[in-house]
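Biologist: I would like to learn how to read a model like this one, feature by feature. Please give the general idea where there is one, then the case at hand.

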Amino acid sequence: MTYSFLLRTLTAVLLLASTLTGRRVLAQTTLLQNAPGRSVLSLDGRWNYIIDPYETGFYDYRREAFDQSPSGKGGYYDNQKPSSKQQPELIEYDFDQAATLQVPGDWNSQDSKLLYYEGTIWYKKSFTLAPKANKRYFLYFGAINYEAHIYLNGKKLGMHRGGFTPIQYDITDKLSPTGENFVIVKADNTRHADAVPTINTDWWNYGGITREVFIAETPATFIADYQVQLAKNDPTTLAGYVQLGGDGRAGQAVTLTIAEAGLRQTLKTDADGRATFRVPVKKLQLWSPQRPKLYAVSLSSGPDVVQDRIGFRTIQTRGQDILLNGKPIFLRGISMHDENPLIPGRARGEGDLRMLLTWAKELGCNYVRLAHYPHNEIMLRLADEMGLLVWAEVPVYWTIAWENPATYQNAEAQLTDLISMGKNRASIVVWSVGNETPPSAPRLKFMTSLVHKARSLDDTRLVSAALELRRDGYAVTVDDPLGAELDLTSFNEYAGWYWGGKPSEITQFKFAIKYNKPVIISEFGGDALAGYHGDADTRWSEEYQEALYVNQLKMLSGISGLRGMTPWILADFRATRRQHPVFQQGFNRKGLISSDGKKKKAFFVLQEYYRQQALKYDTK
Ligand code: GCU
């Protein structure tokens, strides 16, 4: 049974269930592949907003949801206006006279009153769009953290949970014939124990419409999805599929063109509107960090033409080696959050993202860990362009509600959307199903299911997760049962910070690793307040962090299967757990770069180590 068939079945069941229960919620449509590449109407900019901690705009005073009432009316999403100057109707809100927030952008960093705010904020944006005949229109949000109810012209489009993956609705039949429309979003970043992530994390709970918003226009029958990559471990064969959407998608011709590779292949879609292919390619210039070659790829079907820039490479493991295009590689990485440290808050667009990756290149990286959740698609495209391999991750983080089926469905949906968004990006080489989750039978079942899901969606990339360790004095054992399911043995270890005394003691640690797989240290590090100086034993000083890195690198070099690392973390970032009034002030200070852009002493220790690693590996 194909994935698209399953997805359509699930959608149909959802719609039927929602209709029967009167809870008419439209399941979002399959995410358009390369949606930003479509001709779009951007809705970025100032949106009016209303703070609503009691959800007055959503529930009546008996706590019944307005949009589930027979009329479906009564909530802020009606955007009701008085019928005359006398204001005969009692209306206790007015978006158009309300203040505005910048979109994309979390609300916490835009107004000091909202820094710690957790709850609902309503957003409203008006736009003019006169729908053309034989066109379809998709409303697309890059991300809304965490739960979003979305309405167009007062009608509910749907509800979405998950703060870091795209949201999309087909609005073709819901646009106003006058061309004048308004979209209203109820965004709620309240944390929940059964959510993904759960109630406890070590990053700021930035709420709101945090990524780009636009309307994509397509022909009536359109190219909805596609994958164009090398077949697994085979640099001479392109494999993938094209999925058409809309009516009349069956039996259609689709042409795949990669002119620079001398490839032009015409396919025919099946009854589902899907065409798969496996075509031989002449010598492609393979993508790598040193030579991040991207090809212009064009897909056309009838009036629809989609252009993309795609790199081609293979990634696999052989014993304890990681092979990129058949050659052993060492992953010189760094972890990073989706946050601009200079203007703390979610990264606001390409400029912020390019700055972060430029710092990583300056550090000597060929690899980044985009922790702990799906990052912006723009980040993935920049990594393709700049030559950085990527570990992409879903926020199955710490103490997830392992035995709650809805929690698993949510995690699997976020993983599916992440893979859908990233599957054509050469830079992505690892799908991570989680981070530092406490071992138990329910956790193993939950995460093993995610591993299998990832492999069923994409068998060309590696699958991993940050595993748990067992410690007895200086003896560290890595035998987390989840490790048996993964391609890489990755784990976070904090010798010299959370455990094991001072930096000078770090080299006494020895690791016993159960699995004969490549070892990637997914985190190590320690806090330092930039500009605070002391000796190597003075916690919080730059010298302590520097000595920690020197000794960590010495100790880790003793692990025979070591094939990479992503120390924690590129830059200081906001975290509510970090409340020391002098050294933290609400920031996690493990950054190698401070929240005002200063490189700490440890930055140069890692930079030198990576320079030597590059000499050892890249010249082969
Ligand atoms: C953990 C966790 C990070 C956290 C870091 C820290 O390993 O994965 O999200 O920020 O350690 O404690 O600083």
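Biologist: In which loop is N79 found?

Modeller: This is a predicted model, so keep that in mind throughout. N79 is found in the loop between β2 (45-51) and β3 (100-103).

Biologist: Is N79 buried or exposed, and is N134 buried or exposed?

Modeller: Residues under 20% relative accessible area are called buried, and those over 50% exposed. N79 has a relative accessibility of 11%, so it counts as buried. N134 has a relative accessible area of 64%, so it is exposed.

Biologist: How do I read the packing of two helices?

Modeller: Two packed helices are described by the angle between their axes and by the distance between those axes. Take helix α6 (residues 542-556) and helix α7 (residues 601-617): the angle is about 20° and the axes are 7 Å apart. The two helices are therefore roughly parallel to each other. Their crossing is right-handed.

Biologist: Which residues of α6 and α7 meet?

Modeller: On the α6 side they are E542, E543, Q545, E546, Y549, V550 and L553; on the α7 side, K601, A602, V605, L606 and Y609. By class, this contact has 7 nonpolar, 1 polar and 4 charged residues.

Biologist: At what angle do the axes of α2 and α3 cross?

Modeller: Helix α2 (residues 350-363) and helix α3 (residues 377-386) cross at roughly 40°, and their axes come within 10 Å. An angle of that kind makes α2 oblique to α3. The crossing of α2 and α3 is right-handed. From α2, the residues E350, L353, R354, L356, L357, T358 and K361 meet I378, M379, L382, A383, E385 and M386 of α3. Sorted by class, the contact of α2 with α3 has 8 nonpolar, 1 polar and 4 charged residues.

Biologist: How do α2 and α7 cross?

Modeller: The axes of α2 and α7 cross at roughly 60° and come within 8 Å. W359, E362 and L363 of α2 make this contact with F603, L606, Q607 and Y610 of α7. The residues of the contact of α2 with α7 fall into 5 nonpolar, 1 polar and 1 charged.

Biologist: Which members of the largest nonpolar core touch the most other members?

Modeller: In soluble globular proteins, nonpolar side chains tend to be buried together. Here the largest nonpolar core has 88 residues, and I334, M336, V396, M565 and L606 touch the most other members. Helix α7 gives the most to this core, with 7 residues. Another core, of 30 residues, lies apart from it; Y123, I144, Y169 and L175 are among its members.

Biologist: Which residues does T165 touch, leaving out those up to four places away in sequence?

Modeller: T165 touches G142, A143, H160, P374, Q414, D417 and L418, with those sequence neighbours left out. Its place is the loop between β8 (155-161) and β9 (167-170). The relative accessibility of T165 is 1%, so T165 counts as buried.

Biologist: Where is E180 placed, and what does E180 touch?

Modeller: E180 is in strand β10 (residues 180-188). Not counting residues up to four places away in sequence, E180 touches F127, T128 and N153. With a relative accessible area of 48%, E180 is partly exposed.

Biologist: How many Å separate the C-alpha atoms of E180 and N435?

Modeller: They are separated by 45 Å, and E180 and N435 are 255 residues apart along the chain.

Definitions and conventions: Residues numbered from 1 in each chain as written. Predicted model: local features only at pLDDT ≥ 70, side-chain atom pairs only at ≥ 80, totals over all residues. Heavy atoms only, no water. Axes fitted to C-alpha atoms, helices over the stretch in contact; angles between N-to-C directions. Helix = DSSP H or I, 4+ residues; strand = E, 2+ residues; numbered from the N terminus. Parallel < 35°, antiparallel > 145°, perpendicular 65-115°, else oblique. Left-handed = near helix turned anticlockwise from the far one by under 90°. Contact = heavy atoms within 4.5 Å. Nonpolar A, V, L, I, M, F, W, Y, C, P; charged D, E, K, R; others polar. Core = buried A, V, L, I, M, F, W, Y, C linked by side-chain atoms within 4.5 Å. Buried < 20%, exposed > 50% of the residue type's maximum accessible area, 1.4 Å probe, protein only.
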